[in-house]
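Here is a short briefing to read beside the model. Keep the sequence and the 3D view open as you go.

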Amino acid sequence: MPTRKVTVATLAGLKDRDEKAVFVTAYDYPTATFADRAGVDMILVGDSAAMTMLGLPSTLQIGMAEMLVFIRAVTRAAQRAFVIGDLPFLSYQPSDETAIRSAGAFVAAGCDAVKCEGGARVARRVRAMVDAGIAVMGHLGLTPQSLGQLGGYRVQGKSLAAAERLLRDAEALERAGVFSILLEAVPAETAAFVRERTGVLVYGIGAGPHVDGQLVISHDLLGNFVGEIAPKFVKRYAEVGSAVEGAFRDYARDVRAGVFPGPEHCYPLDPADEALIRTARKTRPARRLPSRPTPAVEAAP
Ligand code: KIV
């Protein structure tokens, strides 16, 4: 039986039944395949790929071209999960047309929806994308594309006034037509306050349990992030990074010790052919290869 793809209606159904949506990031074909097989409902191809996949210092350094490579790999893998493409910095802010073109390129590459950061100030762009027929997820709270304005990776919505500002932004996004809002790095009480007053699906990453589903960056969950950022809200479910490093160390040890490849890794020969080749090895002169490459060009006198 073909797998039924998760849609916005499926996600609304989960909320109606008080079931949480499971949401992770993925950027490559194998990870997205494993997440999809595991029954994850939503995959975000986040601009966090800048740090997780490319070793860049922040999300500000990744552009549409790189994001599209990751998006195509993930959408090829996702049979069931709803795939959201994260619009990178300056791919939607400059104009409605830029926003529609960028979001349209993600949808053409197989995304079910796009995500953009900001509240009231991006509401016009959201409306333009929604009017073009594109499902849009908003992103409020800690919005890494505005890190300069926020003063770093800081928890947001820590006072009633800040919670009310978040709510006003959520309302602006809802009026602009988003199907959902992602809250990042806000206290659980603030997230509950916003969600209880918002008519769209509200997901959280570091926003506590009172939301419609949980997002975690897969590298944080799997333990293969190379870098310094270690959010408090992450629970680690594997140590993939150390497992991979250990496997490379074991391989290096075996190669250096001459243990790999063993007979079981070699192609067999018909015994008669093997005997002929073995004899030829012994009887025909072998070419002596230099142990060190000789310089192709003589040094000038
Ligand atoms: O890029 C990303 O992975 C994100 C999450 C941190 C919310 O935007």
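Cys-116 is buried, at a relative accessible area of 0%. This is a predicted model.

**Cysteines**
- The disulfide count comes to 0.
- The cysteine sulfur closest to that of Cys-116 belongs to Cys-111, and it lies 13 Å away, too far for a bond.
- A disulfide needs the two sulfur atoms within 2.5 Å, so the 13 Å from the sulfur of Cys-111 to that of Cys-116 rules out a bond.
- Cys-111 also counts as buried, because its relative accessibility is 6% and the cut-off for buried is under 20%.

**Ligand site**
- Asp-47 places a polar side-chain atom 2.8 Å from a ligand oxygen.
- The side chain of Asp-86 has an N or O atom 3.0 Å from an oxygen atom of the ligand.
- For Lys-115, a side-chain N or O atom likewise lies 3.0 Å from a ligand oxygen.
- On its own the ligand has 260 Å² of accessible area, and the protein covers 96% of that.

**Domains**
- The protein is divided into two parts: domain 1 spans 8–239 and domain 2 spans 245–283.
- Their centres, taken over C-alpha atoms, are 49 Å apart.

**Backbone exceptions**
- Most residues other than glycine have a negative phi, and most peptide bonds are trans.
- Which peptide bond is cis, with omega near 0°? The bond from Phe-260 to Pro-261 is.
- Pro-261 sits in the loop between α11 (240–257) and α12 (271–283).
- Asp-18 is not a glycine, yet its phi is positive, at about 60°.
- The loop between α1 (8–16) and β1 (21–25) holds Asp-18.
- Asp-18 is exposed, because its relative accessible area is 65% and exposed means over 50%.
- Leu-90, also a residue other than glycine, has a positive phi near 70°.
- Look for Leu-90 in the loop between β3 (82–86) and α5 (96–108).
- Is Leu-90 buried, partly exposed or exposed? Leu-90 counts as partly exposed, with 48% relative accessibility.

Methods:
Residues numbered from 1 in each chain as written. Predicted model: local features only at pLDDT ≥ 70, side-chain atom pairs only at ≥ 80, totals over all residues. Heavy atoms only, no water. Polar contact = N/O pair within 3.5 Å; in protein donor to acceptor, adjacent residues only side chain to side chain. Areas by Shrake-Rupley, 256 points an atom, 1.4 Å probe, with all protein chains shown as cover. Domains from an automatic or database assignment. Buried < 20%, exposed > 50% of the residue type's maximum accessible area, 1.4 Å probe, protein only. Helix = DSSP H or I, 4+ residues; strand = E, 2+ residues; numbered from the N terminus.
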